[in-house]
Amino acid sequence: MSNETFWDTRYAGSAQVWSGRPNVVLQREVAGLTPGRALDLGCGEGADAVWLAGLGWHVTAVDVSGVALRRGAAQAEAAGVAGRIDWQRHDLAESFPDGTYDLVSAQFLYSWSGLPRTQVLRRAADAVAPGGILLVESHLDHGPFPAEHDGHEVHFDTPEELIRDLGLDAADRWEVLLADAHERSQTGPDGRPAVRTDSTLKARRVP
Ligand SMILES: C[S@@+](CC[C@H](N)C(=O)[O-])C[C@H]1O[C@@H](n2cnc3c(N)ncnc32)[C@H](O)[C@@H]1O
């Protein structure tokens, strides 16, 4: 099954997969930034993109799933921000949006069917304009969801691994502003609250 089919099937399986709310860490880390051009990689149903556009950002929102992108576009219309979001379908393993951005955000960009995540995140770092921000939110464990990975091994990079693998340790080019691990409560597949460990990596490209 292709990555596109996998995600289209997953999205088509219910009216709404994610909460519809922007990611908490994105909200916290974007506060104080001057709106400019933003790139949202693996935007899903578009809650982050719509929220950013509401703040005045011009957003390029990318996902492999056309089902998810259409959902995001409908949300943007309803919120009156459609004119500030360019929805682009890419399988990021094969193509990447053009341009450079003041904010490049990858919030839980994962796939269990062959996403070359480190390679894609290197492209993401390359797409950050001088003075711009790279924000990567990752999992550090499976939390209550061991089954969703369907037997596929997913390596959860630590922030230190990402810093090394993306070349963010080059102090003449990058300033790492935040690299942490933190717990988050999440409702498990059995409907009970559980704890999941995530990580945040935020870096600024030196102007
Ligand atoms: C775990 S979801 C996160 C969605 C959203 N960022 C959020 O935080 O709610 C991962 C997203 O990455 C997308 N994705 C997975 N592999 C991809 C690929 N190769 N190219 C583009 N998007 C991909 C999926 O369709 C899905 O929407």
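The structure is a predicted model, in which local features need pLDDT of at least 70 and side-chain atom pairs count only at pLDDT 80 or more, while totals for chains, interfaces and linings use all residues. Residues are numbered from 1 along each chain as its sequence is written, and side-chain values use heavy atoms, with hydrogens and water left out.

## The ligand site

There are 18 residues around the ligand, and those that come nearest are Tyr-11, Gly-42, Asp-63, Asp-91 and Gln-107; a residue is near a molecule or strand if one of its heavy atoms lies within 4 Å of it. By class, this shell has nine nonpolar, seven polar and two charged residues. Here Ala, Val, Leu, Ile, Met, Phe, Trp, Tyr, Cys and Pro count as nonpolar, Asp, Glu, Lys and Arg as charged, and the others, Gly among them, as polar. Helix α1 (residues 3-12) supplies the largest share of the shell, three residues. Helices (H or I, at least four residues) and strands (E, at least two) are DSSP runs, numbered from the N terminus.

| Residue | Ligand atom | Distance |
|---|---|---|
| Asn-3 | nitrogen | 2.9 Å |
| Asn-23 | oxygen | 2.9 Å |
| Asp-63 | oxygen | 2.5 Å |

Taken alone, the ligand exposes 600 Å², and the protein buries 94% of that. Accessible areas come from the Shrake-Rupley method with a 1.4 Å probe; for residues, only the protein chains shown count as cover.

## Helix α3

Helix α3 (residues 47-54) is largely enclosed by the rest of the structure, because six of its eight residues are buried. Buried means under 20% relative accessible area, exposed over 50%, and partly exposed in between (1.4 Å probe, protein chains only). The buried residues of α3 are Ala-47, Asp-48, Ala-49, Val-50, Leu-52 and Ala-53. These residues pack against the helices α2 (24-30) and α4 (66-79) and the strands β1 (37-41), β2 (58-63), β3 (85-89) and β4 (101-107), where contact means heavy atoms within 4.5 Å. Gly-56, which follows α3, has a positive phi near 105 degrees.

Val-81 is found in the loop between α4 and β3. With a relative accessibility of 7%, Val-81 counts as buried. Leaving aside residues up to four places away in sequence, Val-81 touches Val-50, Ala-53, Gly-54 and Ala-76. Val-81 and Phe-6 are 75 residues apart in sequence, and their C-alpha atoms are 29 Å apart in space.

Strand β7 (residues 193-205) pairs with strand β5 (residues 128-139) in the antiparallel sense over seven bridges; two strands pair if DSSP finds at least two bridges between them. Within this pairing, Val-136 has Leu-201 of β7 as its bridge partner. Strand β6 (residues 174-187) also pairs with β7 in the antiparallel sense, over 13 bridges, and Leu-178 stands opposite Lys-202 in β7. β6 and β7 form a hairpin with five residues between them, and Gly-191 in the turn has a positive phi of about 85 degrees.

Ser-138 is found in strand β5 and is buried, with a relative accessible area of 0%. The side chains of Ser-138 and Arg-117 are joined by a polar contact of 3.0 Å. A polar contact is a pair of N or O atoms within 3.5 Å; within protein, one must be able to donate a hydrogen and the other to accept it, and residues adjacent in sequence count only if both atoms are side-chain atoms. Beyond residues up to four places away in sequence, Ser-138 touches Phe-108, Tyr-110, Arg-117, Leu-162, Asp-198 and Ser-199.
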